[in-house]
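Open the structure in your viewer and keep the selection tool ready. This tour goes stop by stop, saying what to select and what is there.

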Amino acid sequence: MEMLFTPAFWSALLAIIVIDLVLAGDNAIVIGMAARNLPAHQQKKAIIWGTVGAVVIRAAATLAVVWLLQIPGLLLVGGLMLIWIAMKLLVQDGGHETVKAGSSLGAAIWTIVVADAVMGLDNVIAVAGAAHGSFLLVVLGLIISVPVMVWGSTLVLKVMDRYPAVIYIGSAVLAYTAGSMITGEPFLKAFFVEYPILKWALIAVIVVGVLLIGRMKNQAQKRMAEQS
């Protein structure tokens with residue numbers, strides 16, 4: 001219980017909530033595309049039950065990854081993957097074309113669950129990394145963020161469209177989590193404990209590098225769109 005009153009616990013919980021919110025956009029798109037062909041009275045059921053199924057699978061996957069990340073070397077791999085995920089968040093390229101609308105309530109629910117399981121890898125890795133091995137943090141993060149993902153995911157999308165800075169904040173949190181995972185890797189941790197300045201320097205380089213590369217790619221895409 002003492003850990004509940006530590007700054008590290010609350011900062012990690014805040015990071016998990018931010019990660020869930022900024023990555024809720026994919027959740028909203030999957031739900032919308034899967035349920036769009038259903039009658040209005042069935043859309044709500046598809047959204048609720050599809051999301052419940054997706055959240056259960058995602059929670060189980062996250063808890064499994066939290067355990068797996070304790071294996072030597074996987075924390076480093078997870079951190080490197082999270083750097084790519086942070087940049088992917090900044091450079092939106094669609095990728096939802098394979099999500100087909102369900103023709104029945106059961107088909108729509110199944111589509112939401114399967115699509116979210118396939119596309120939710122980024123959320124699973126990010127939350128597991130931010131939890132630092134704490135199953136309690138994963139559960140609390142889900143309890144707080146699931147209602148937002150179910151009822152507020154569309155709102156989150158609108159906020160991110162209107163205020164692009166929110167996406168950069170979320171990407172920075174992901175990059176920071178990636179840096180923490182890499183510097184916390186068991187066979188690297190002793191070195192960074194001895195040289196804490198290098199630890200924070202590496203994390204800063206990762207965060208700034210992700211934001212700069214993401215911004216440069218976005219600007220390049222805009223120039224190409226304007227020329228075409």
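**Stop 1: helix α1.** Select residues 7-22, which form helix α1. At 1.5 Å a residue, its 16 residues should span 22 Å, and the end C-alpha atoms are 22 Å apart, so the two agree. The expected span is 1.5 Å times one less than the number of residues in the helix. Helices here are DSSP runs of H or I with at least four residues, strands are runs of E with at least two, and both are numbered from the N terminus.

Before moving on, note the ground rules. This is a predicted model, where local features need pLDDT of at least 70 and side-chain atom pairs count only at pLDDT 80 or more, while totals for chains, interfaces and linings use all residues. Residues are numbered from 1 along each chain as its sequence is written, and side-chain values use heavy atoms, leaving out hydrogens and water.

Now colour the buried residues of α1: Phe9, Ala12, Leu13, Ala15, Ile16, Ile17, Ile19, Asp20 and Val22. Buried means under 20% relative accessible area, exposed means over 50%, and partly exposed lies in between (1.4 Å probe, protein chains only).

**Stop 2: the whole protein.** Zoom out. The protein has 11 helices and zero strands. Of its 228 residues, 43% count as buried. Take the contacts between residues at least 6 apart in sequence: 86% of them join residues at least 24 apart. Contact means heavy atoms within 4.5 Å.

**Stop 3: α1 against α9.** Axes are lines fitted to C-alpha atoms, for helices over the stretch in contact, and angles run from 0 to 180 degrees between N-to-C directions.

Which residues of α1 and α9 make the contact? From α1, show Ala15, Val18, Ile19 and Val22. From α9, show Val166, Gly170, Val173, Leu174 and Thr177. By class they are seven nonpolar, two polar and no charged. Ala, Val, Leu, Ile, Met, Phe, Trp, Tyr, Cys and Pro count as nonpolar, Asp, Glu, Lys and Arg as charged, and the others, Gly among them, as polar.

**Stop 4: α4 against α11.** Select residues 74-90 (α4) and 196-227 (α11). They pack at an angle of about 35°, with axes 9 Å apart. In α4, pick Ile83, Ala86, Met87 and Leu90. They meet Ile206, Val210, Leu211, Ile213, Gly214 and Asn218 in α11. This contact has eight nonpolar, two polar and no charged residues.

Stop 5: Go to Val138 in helix α7, residues 135-151. Is Val138 buried or exposed? Val138 is buried, with a relative accessible area of 1%. Beyond its neighbours within four places in sequence, Val138 is in contact with Ile16, Thr62, Leu63, Val66, Val127 and Ala131. Draw a distance to Val66: the C-alpha atoms are separated by 8.7 Å, though the residues are 72 apart along the chain.

Next, click Thr62 in helix α3, residues 40-68. Thr62 is buried too, at 3% relative accessible area. Setting aside residues up to four places away in sequence, Thr62 touches Val124, Val127, Ala128 and Val138.

**Stop 6: Trp49.** Stay in α3 and select Trp49. Trp49 counts as exposed, at 54% relative accessibility. Finish at Gly106: it is 57 residues from Trp49 in sequence and 9.5 Å away in space, C-alpha to C-alpha.
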